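Walk through this model with the coordinates open.

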Amino acid sequence: METGAEFLRVARTELRQGCDRVCDCLGRLSAEQIWHRDHAIENSIGNLVLHLSGNVRQWILAGVGGQPDDRDRDWEFATREPLPAEALSERLSGTVAEAEALLAALPPDSLTRMRSIQVYDVTVLHAITHVLTHFAGHVGQIIWATKHVTGQDLGYYGYLKQGSAPSGSQP
């Protein structure tokens, strides 16, 4: 198996799994829970979803794929407009689907090419790795917040109690 192709496959899988979990969390929460902040310095779940969409769009679609970069990062955190869960899910899912398609078509030998993203000069590999780690961190925050406000076990790893993974699943 070629390393670059496997990396791109894993990147698509990880982005999709994180996106699906965020959308699941949004479906479990009220608008008030999605946009709640205990303190002004905190980000609401809604702000984090906007931020994830903006980050994937800027780093993968624009930075790696060459699409126009029209991100308004400050708006992602400053907005208090209570966008509905469905709109947030659609925004994130659409962005991730575009990124998945771009990564599926990306030649593995392009991973070492340089790109300028934000104020950074990075390889395509670095850009994708940045998105994956950044995405995973915020997905973890959203999962924790959802568990905190609902008091529910979200069941993402319940299959481990039986000692085997569901067919076709990845960790």
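**From a side chain to the helix packing**

The side chain of Arg57 makes a polar contact with the side chain of Thr95, at 3.3 Å. Here a polar contact is a pair of N or O atoms within 3.5 Å; within protein, one must be able to donate a hydrogen and the other to accept it, and residues adjacent in sequence count only if both atoms are side-chain atoms. This is a predicted model: local features need pLDDT of at least 70, side-chain atom pairs count only at pLDDT 80 or more, and totals for chains, interfaces and linings use all residues. Residues are numbered from 1 along each chain as its sequence is written, and side-chain values use heavy atoms, with hydrogens and water left out.

Arg57 has another polar partner. Its side chain is joined to that of Glu98 by a polar contact of 3.0 Å. Not counting residues up to four places away in sequence, Arg57 touches Ala62, Gln67, Asp70, Thr95 and Glu98. Contact means heavy atoms within 4.5 Å. The classes are buried under 20%, exposed over 50% and partly exposed in between (1.4 Å probe, protein chains only).

Arg57 sits in helix α3, residues 45-64. Helices (H or I, at least four residues) and strands (E, at least two) are DSSP runs, numbered from the N terminus.

Now follow α3 to its partners. The axes of α3 and α6 come within 10 Å and cross at roughly 170°. Axes are lines fitted to C-alpha atoms, for helices over the stretch in contact, and angles run from 0 to 180 degrees between N-to-C directions. The pair is therefore roughly antiparallel. That label needs an angle over 145 degrees; under 35 is roughly parallel, 65 to 115 roughly perpendicular, and the rest oblique. On the α3 side, residues in the contact include Ile45, Leu52 and Trp59; on the α6 side, they include Val124, Phe135 and Thr146.

α3 also packs against α1, at about 155° with the axes 11 Å apart. So α1 is roughly antiparallel to α3. Leu15, Val22 and Leu26 of α1 meet Ile45, Val49, Leu52, Val56 and Ile60 of α3.

Thr146 belongs to α6. Thr146 counts as buried because its relative accessibility is 0%. Beyond four places in sequence, Thr146 touches Cys25, Arg28, Leu29, Ile45, Gly151 and Leu154.

What about the nonpolar core? The largest one has 45 residues, and Leu15, Leu103, Leu106, Ile128 and Phe135 touch the most other members. Such a core is a set of buried Ala, Val, Leu, Ile, Met, Phe, Trp, Tyr and Cys residues joined through side-chain atoms within 4.5 Å. Helices α1 (3-28), α2 (31-35), α3, α5 (85-105) and α6 (124-150) each supply at least two of its residues. In soluble globular proteins, nonpolar side chains tend to be buried together. Leu106 touches Leu8, Val64, Leu111, Val124 and Ile128, leaving aside residues up to four places away.

End at the strands. Val122 lies in β2, residues 120-123. Val122 counts as buried because its relative accessibility is 5%. Its contacts beyond four places in sequence are Trp59, Arg113, Met114, Arg115, Ile117 and Ala127. Gln118 lies in the loop between β1 (114-117) and β2. Gln118 has a positive phi of about 55° although it is not a glycine. Gln118 counts as partly exposed, because its relative accessibility is 41%.
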